[in-house]
Amino acid sequence: MRVIVASSFVPFADGGERFAVDWLHATLAAAGHDVESILLPFADDERWTLEQMLAYRMLDLTECCDRLITLRSPSHLLRHPCKVVWLVPDVLGPSAAARPAAADAFRRRLLEADAAGLAEARAIFTTSPTASERLRSVHGLASQPLPPPPDGVASAEGLLRSLLA
């Protein structure tokens with residue numbers, strides 16, 4: 001299967017999202033899949049948030065792969081008919097939920113964008129039951145907790161079965 005693993009990243013900052021992408025890429029490749037990783041920059045600055053989200057939304061990867069797996073928000077806005085979302089790390093929701101009342105219009109746009117991108121996913125996973133509950137309470141969306149496996153083939157194989165089902 002041709003798989004693209006996509007995530008956002010903050011330029012010049014090392015973080016878990018890069019390690020998760022690298023690990024998933026290597027695990028998929030070791031299982032015999034053709035894999036490409038796409039890391040798109042996303043600056044956490046409200047002045048540019050909506051424009052950056054729109055840029056993600058404009059990318060349609062339908063012809064590029066058989067499966068798209070997105071990890072860090074807002075990569076779930078990328079378009080593909082066989083998109084699976086695995087929120088790693090858990091960053092979707094808290095920023096929108098924590099906005100002050102004065103920023104209701106901004107918050108509403110974030111939630112609408114999230115809802116559009118997530119509604120297209122054939123499956124949504126989070127890293128924990130707490131993250132799944134937050135996704136349900138903030139967005140009204142069901143998801144399945146799928147924690148990253150510790151080192152071990154059985155855990156990695158189970159994770160891949162979930163992401164590629």
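**View 1. Phenylalanine 42 counts as buried, at 10% relative accessibility.** Here, buried means under 20% relative accessible area, exposed means over 50%, and partly exposed is anything in between (1.4 Å probe, protein chains only). Tyrosine 56 counts as buried as well, with a relative accessibility of 3%. A word on what you're looking at: this is a predicted model, where local features need pLDDT of at least 70, side-chain atom pairs count only at pLDDT 80 or more, and totals for chains, interfaces and linings use all residues. Residues are numbered from 1 along each chain as its sequence is written, and side-chain values use heavy atoms, with hydrogens and water left out.

**View 2. Here's the one aromatic pair in the structure.** Phenylalanine 42 sits in the loop between strand E2 (34-41) and helix H2 (49-58), while tyrosine 56 belongs to helix H2, so the pair ties together parts 14 residues apart in sequence. Rings of Phe, Tyr and Trp (its six-membered ring) pair if their centres lie within 6.5 Å; planes under 30 degrees apart are stacked, over 60 edge-to-face, and the rest tilted. Helices (H or I, at least four residues) and strands (E, at least two) are DSSP runs, numbered from the N terminus.

**View 3. Cysteine 64 is partly exposed, at 43% relative accessible area.** The closest cysteine sulfur to its own is in cysteine 65, 6.3 Å away, which is too far for a bond. A disulfide takes a pair of cysteine sulfur atoms within 2.5 Å, and the count by this rule is zero.

**View 4. Cysteine 82 is partly exposed too, with a relative accessible area of 21%.** For the sulfur of cysteine 82, the closest cysteine sulfur is in cysteine 65, at 8.6 Å, again too far for a bond.
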